[in-house]
Amino acid sequence: MPLYLVTFVYRLLEFRYAEFDIILDLLGLDPTLVYAPSPPETKEQNHSHLIVDLPSEVIAAEIQRRAILIECILELWGHGKDADELDANLAALPPAFSAPYMHPDMTWSLLVNGSGKTLTMAEQDSARFRVLQRVPFPGPIKLKNPQQTFWLLDHGADNLDPTPDHMYLGRAIASRQARGREWVGKGDLKRRTYLGPTSLDNEMALLMASFAHVQQGSMVLDPFVGTGSILVACTQFGGFCVGTDIDIRILRGKKDGKNPASNFAQYGLRQPELIRSDNSLFSGHFRSLSLYDAIVCDPPYGIRAGARQSGSRREVVAPVPEHMRADHIPQTRPYATKAVMNDLLKVAARALKVGGRLVYLLPVDISPEAGPEEGVLPTHRCLDLVCVRDQKLNSKLIRKMVVMRKRRDPKEAVEQEMMEEKNEVKHGEENAEEGGKKEEEEIEAGPEMKRPHLVM
């Protein structure tokens with residue numbers, strides 16, 4: 001069975017291996033077995049190339065299709081610390097391994113790429129010629145859309161990337177277009193139809209959708225939908241999306257007709273269901289159904305736009321006249337960050353299916369002036385923490401991506417806790433009863449005669 005080479009992009013380094021683990025989990029693969037061919041320091045030192053053991057080429061292609069931080073996955077033919085070691089590795093390649101690609105009618109191309117360094121055209125030609133001496137493909141060369149594409153990767157270590165010098169030769173298991181990374185450029189916010197001041201960048205939105213295990217047919221909710229950036233990413237993964245927001249003006253859009261739905265039409269994606277709703281009143285707006293496979297959101301925290309909830313600061317609120325209700329925009333008041341988080345976890349515990357995932361972002365102040373509660377993650381008895389990854393924004397601020405999984409329904413949690421309390425009370429009564437009996441026995445027997453302690 002062949003090994004595969006995973007090449008990561010030099011972006012969001014804190015998330016590259018976490019995303020790979022999340023995808024392996026989604027596909028039901030054991031990471032310890034997949035990572036086995038590479039030494040442990042490969043992952044520990046965050047290397048940009050990883051040799052893995054995958055069950056099939058189909059699985060490798062599925063990983064490449066979903067992954068946002070993977071440049072490519074190659075069926076590994078050979079590798080070495082330098083050209084001589086690579087040459088010896090290729091010489092030991094079994095003839096049966098390369099035989100299917102030695103057909104005289106098979107079109108092919110060999111691309112040479114420098115990683116961590118720039119290769120001149122002369123260096124590329126020299127490396128290509130050396131490889132072809134060992135693996136002489138008899139078919140015609142075709143640079144555009146060949147039947148098989150082979151890659152020679154020459155990585156050079158630098159101060160930014162700890163990956164040591166190494167050379168790899170492999171066969172591309174899918175075209176460059178058949179990868180999740182292609183969605184990053186296509187959904188660039190610079191070309192997005194409808195934007196707001198807090199629209200989440202497309203790369204992070206796609207990464208959140210991947211961490212949420214969004215796939216074909218998943219039901220997804222964003223309770224702070226805004227201009228829809230996160231749901232655009234979730235829809236690209238095949239999700240059926242619902243978005244709610246308290247600000248009706250964002251959902252209605254601009255006077256020129258542009259609104260969140262325009263972003264989905266721009267990419268030819270399935271339209272989401274958009275509803276004006278207050279997340280703090282979720283239980284009053286929606287029926288109690290465990291409907292969603294994932295809740296993915298970027299809650300407002302007051303850094304760029306403060307959170308709001310229904311209500312007024314006034315003690316007495318005048319009723320809205322009948323003739324003004326059609327276009328009335330309800331009053332809102334500030335929504336404390338702690339309340340935002342508590343309500344979000346309550347909604348997740350209520351609306352997610354068992355096994356469903358909550359993925360959200362949490363900006364954290366890491367300056368010396370930050371309070372002791374800064375960055376403390378909220379918890380819920382129905383939700384388990386899967387992972388947390390930090391993205392450094394500047395010297396004073398980081399952004400946490402938090403992933404949680406629902407393990408039980410709130411009703412089940414209450415029943416279990418009541419049962420545990422009942423057992424504790426019963427256990428306490430039994431202990432008290434046993435203690436009383438023992439005390440009565442001691443009184444009847446008189447004082448215990450202890451044996452003297454012998455010193456040898």
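Let's begin at Trp151, which stands opposite Gly170 in β6. Strands here are DSSP runs of E with at least two residues, helices are runs of H or I with at least four, and both are numbered from the N terminus. This is a predicted model, where local features need pLDDT of at least 70, side-chain atom pairs count only at pLDDT 80 or more, and totals for chains, interfaces and linings use all residues. Residues are numbered from 1 along each chain as its sequence is written, and side-chain values use heavy atoms, with hydrogens and water left out.

Strand β5 (residues 148-155) and strand β6 (residues 166-172) run antiparallel and are joined by 6 bridges; two strands count as paired if DSSP finds at least two bridges between them. Both belong to an open sheet of 6 strands, in the order β2-β1-β3-β6-β5-β4, with mixed pairing. Out at the edges stand β2 (49-52) and β4 (108-115), each with a single partner strand, so one side of each has no neighbour in the sheet. On average, neighbouring strands of this sheet are turned by 35° against each other, direction ignored. Helix α7 (residues 121-134) lies across β4, β5 and β6, and runs at about 130° to β4. For angles like that one, axes are lines fitted to C-alpha atoms, for helices over the stretch in contact, and the angle runs from 0 to 180 degrees between N-to-C directions.

Trp151 turns up again in the lining of the largest cavity, along with residues including Gln64, Glu71, Arg176 and Arg179. How many cavities of 30 Å³ or more does a search of the whole structure find? It finds 1, and about 60 Å³ of space lies in the largest cavity. On a 1 Å grid over the protein atoms alone, a cavity is a set of points where a 1.4 Å probe fits but cannot get out, while a pocket is an open set with protein on both sides within 12 Å along at least five of seven lines; lining residues have an atom within 4 Å of a point. Points are joined across faces, edges and corners, and a volume is the space filled by probe spheres set on them. Strand β3 (residues 70-80) gives the largest share of the cavity lining, 4 residues.

Now for some packing. Helices α1 and α9 pack at an angle of about 35°, with their axes 9 Å apart. Ala18, Glu19, Ile22 and Ile23 in α1 meet Leu207, Ser210 and Phe211 in α9, where contact means heavy atoms within 4.5 Å.

Phe211 has an aromatic partner as well. The whole structure holds 14 aromatic pairs. Rings of Phe, Tyr and Trp (its six-membered ring) pair if their centres lie within 6.5 Å, with planes under 30 degrees apart called stacked, over 60 edge-to-face and the rest tilted. The ring centres of Phe15 and Phe211 are 6.4 Å apart and their planes are at 85°, so this pair is edge-to-face. Because Phe15 lies in the loop between β1 (4-8) and α1 (16-26) and Phe211 in helix α9 (residues 202-211), the pair ties together parts 196 residues apart in sequence.
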